[in-house]
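Please keep the sequence and the 3D view open while reading.

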Amino acid sequence: MKSEELKNQEYKYGFTTEIENFKAPKGLSEKTIRFISEVKKEPKWMLDWRLKAFNRLKVLKEPNWQKPKYPKINYQDLYYYSAPKSMKDKPKSLDDVDPKLIETYNKLGIPLKEQKRLSGVAVDAVFDSVSVATTFKGELDKKGIIFCPISEAIQKHPDLVKKYLGSVIPLSDHYFATLNSAVFTDGSFVYIPPNTRCPMELSTYFRINASETGQFERTLIIADKGSYVSYLEGCTAPMRDENQLHAANVELVALDDAEIKYSTVQNWYPGDKDGVGGIYNFVTKRGACRGRNSKISWTQVETGSAITWKYPSCILQGDNSVGEFYSIAITNNYQKADTGTKMIHLGKNTKSKIISKGISAGQADNTYRGLVDIGPKAKNSRNYTQCDSLLMGNKCGAHTVPYLRNKNSSSTIEHEATTSKINEDQLFYCNQRGLNQEEAVSLIVNGFCKEVLQQLPMEFAVEAQKLVSISLEGSVG
Amino acid sequence: MEQLFNIDFKRINSSNDKESEDRKKNFELFLKEGFPNKKNENWKFSDLNYIITKNFKNITNNVDYKFHEKIESIHDFDHNKVILVNGSLKSSDLNFEEKGKVKIETLKSLEGFHHQLNNNLDYLNKALSIGGFNLEVQQNYKCKKPIIIYNYFTANLDNKIINNTNKIKVSQNSELTLIEYNISEKSKFIKNTFEKINIDRGAVLKNIVLQRTKCNGYFYKSISGIQDFNSSYQNFILSSGLKFNKIEIDMILKKEKSSCHILSGLNLSKEEHQEIKTQINHLAPNCKSYQKIKNVLESDSKGVYQGKIFVKDIAQKTDAYQLSKALILNDQAEFNAKPELEIYADDVKCSHGSSSGSLDEEAIHYLMTRGIELKAAKKLLIKGFLNEIFENIPEEKIRTFLEKSIAVQIDEIQ
């Protein structure tokens, strides 16, 4: 089908309502990209941008240096766009949902209404959380904060999108980032105007139409001069998701005196006990501290996915800018995680801090891989890195691969890492006080992760703590 | 790559036709990829291809081993003498030891060097190796005095390449202290050495490497060793003064209770590039490894440390430690580190630390308030920084000698 024909066809159906159950042609091709752009009514510059990425993709090779290996992905066998599911396809009630999933929800203490939303049960408009969202929306509008799906931003705020999209993760970046640039479907767009403090934690949860953003999510957050925003991504509850490959791109831009706090809790399907199935989470996250005194802080709790492969990074361009990375990665059964960060110091007096906690159990493999690069012009810069690994059993692995580069005499890099198992004495102490083995381990592990957990926004932190315990269930003994 | 070399295979001794055939084959294999460059993960921080092509052209193999002068030997402590000239064994004097207990001879056969293909330089070595020495200490014999290998390089080595292959075997319950002392004239040459070490049950090998003066050499050395039950290996790497020096150590702790210590104190000055890469493989329980790498970087020097601790799932109770510290004294200097842990056993104590930065301002201030001038204060701190390495050498006479030779270098710091 030629693009011309395609256009006609769409016109015929009109795609705001009829689009349900409408899928892009299978496979990765120019046609697919034109289709996605068409469906989203994108302006020409956006389509050109996508096609440029696609052309670049043709010469790029899939990276293979990472520790977790995966079977080759057939990119021609994927659907790159499918419209949100209609009510008909969704489970009718919670009775139709996998009881295991419900069990986890109950353990996390998620209210019934929310359980329905998460498991994709068709919900009545009355039950939907839209009303909450609209109240928030009004408050944001008052302050001039833009928070909308990126596809909407492309229509309504093309200047901002044009200026910043791809400015942190360029088109010609690595394979998965470029793939995302070519075929991304939706994601969040946030713009905080100068000298504004965003009055609430922004979360995909409150974004209308947030469900099923698809496997190629694109997020762009811009904090203008003197502003502050805290953004939450994901959810502690396991998400139902049919897509195996997730290659999202997240770009953050902080201008002078601005601060962005980005928190992630990722708990996608990790595959079953034997390591069958599960999501590949290959995400590119990068933030640029463009302005003086700017700050970007990444916090992540990674407990899900069969393979997690991501390095949320900070490019510290502005003088006195600060980059932070707090991470907990928990792998159990056959899960694999290769995660860490990059702190690239370019401006003077830049500071970065990395706290990484890795926990492996079962047959899992957990790698911290990070780069700290202090350039020759980044005078008086500082980095502090701490990565601790906890091993449970001798079938799992914990690895630390830091790259440290210091190119000037006034800067300091400090790195330390330890690997150990849970202290027998601590366990014994807990047992003595009446905690059973599992409770004791959960308590100790939570203590091990405390430094990172306390970086999370309050309501998230409580849930994340529970999640940490649940993720390790069955690994003790 | 081909035009970089001008190798005369006829002048390399091969014991038979097959060997000379193999040499040519290996050389072709080497030419396919050439010298390793930074695309290779192990050479990420040291682009050897760039360094060699920038500094060398028309590289030929050395055929001249003539030597007439008298080598100025070390008088600070008694020792056995072994002299190598341009990598070839010239003479040995093992007078302090009982007869027949320590053997050293020219290594002829390259057997046992076949399985270790870790980089392309291995092909080059197999193609052009002139052998080296084969050192063996008999069972239950503890060497009375250290052996010093005077590794002498003559003045006519410009644009030459020397490929060496050495073997060291320390048999059951024996002990050896081996000091490698490099002396070279002003010529600019490449040396590519592969060394194999076997440390048997209960044996101890102490290895010290140092360089007498600054030199224009571009050295690569790969040391691979296997350690048996309760054996001990200690390697002290001290300032080389070479333009380029990469030492790659791959130790396998194969049996229980073996221990491996690698300590290095380097003081790098103008146009020097030094890399230490280690891989300690813990394959058995209850082993210990300890690495401490210290670098002082001046001028536009570049220091690199890549270390890896691998712990196999059965290697419980492993105690492994890795520390790299660098003092960067000049903005042109650079320090890169990649301290890596790969651990599959849970009941272990593994940690690493790495830091790089300048001298502690407060410490300098403290010293200056006590009437020590800035320059002297800095030197004192540098000395203190490096001295920590020497403290681990138990033999007092050797320690004093090493401290003395480092002190001379520190005095040269501007």
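Q: Is the crossing of helix 5 of chain B and helix 6 of chain B left-handed or right-handed?
A: The model is a predicted one. In it, helix 5 (residues 374-390) of chain B packs on helix 6 (residues 396-412) of chain B with the axes 11 Å apart. The crossing of these two helices of chain B is right-handed.

Q: How does helix 5 of chain B run relative to helix 6 of chain B, roughly parallel or roughly antiparallel?
A: The two helices pack at an angle of about 150°. Angles over 145 degrees count as roughly antiparallel. Helix 5 of chain B is therefore, relative to helix 6 of chain B, roughly antiparallel.

Q: How many residues of the contact of helix 5 of chain B with helix 6 of chain B are nonpolar?
A: From helix 5 of chain B, the residues include B:Ile382, B:Leu386 and B:Phe390. Helix 6 of chain B brings, among them, B:Leu402, B:Ile406 and B:Ile410. The contact has four charged residues and no polar ones, and its nonpolar residues number seven.

Q: Which strand joins strand 18 of chain B by nine bridges?
A: Strand 18 (residues 319-328) of chain B is largely enclosed by the rest of the structure, because seven of its ten residues are buried. Strand 16 (residues 288-297) of chain B pairs with strand 18 of chain B in the parallel sense over ten bridges. The partner with nine bridges, also parallel, is strand 20 (residues 349-357) of chain B.

Q: Which residue is the bridge partner of B:Asn295?
A: The partner lies in strand 18 of chain B. That strand pairs with strand 16 of chain B. The bridge partner of B:Asn295 is B:Ala326.

Technical notes. Residues numbered from 1 in each chain as written. Chains lettered and ligands numbered in written order. Predicted model: local features only at pLDDT ≥ 70, side-chain atom pairs only at ≥ 80, totals over all residues. Axes fitted to C-alpha atoms, helices over the stretch in contact; angles between N-to-C directions. Helix = DSSP H or I, 4+ residues; strand = E, 2+ residues; numbered from the N terminus. Parallel < 35°, antiparallel > 145°, perpendicular 65-115°, else oblique. Left-handed = near helix turned anticlockwise from the far one by under 90°. Contact = placed C-beta atoms within 7 Å. Nonpolar A, V, L, I, M, F, W, Y, C, P; charged D, E, K, R; others polar. Buried ≥ 20, exposed ≤ 12 C-beta atoms within 10 Å, placed from the backbone. Pairing = 2+ DSSP bridges.
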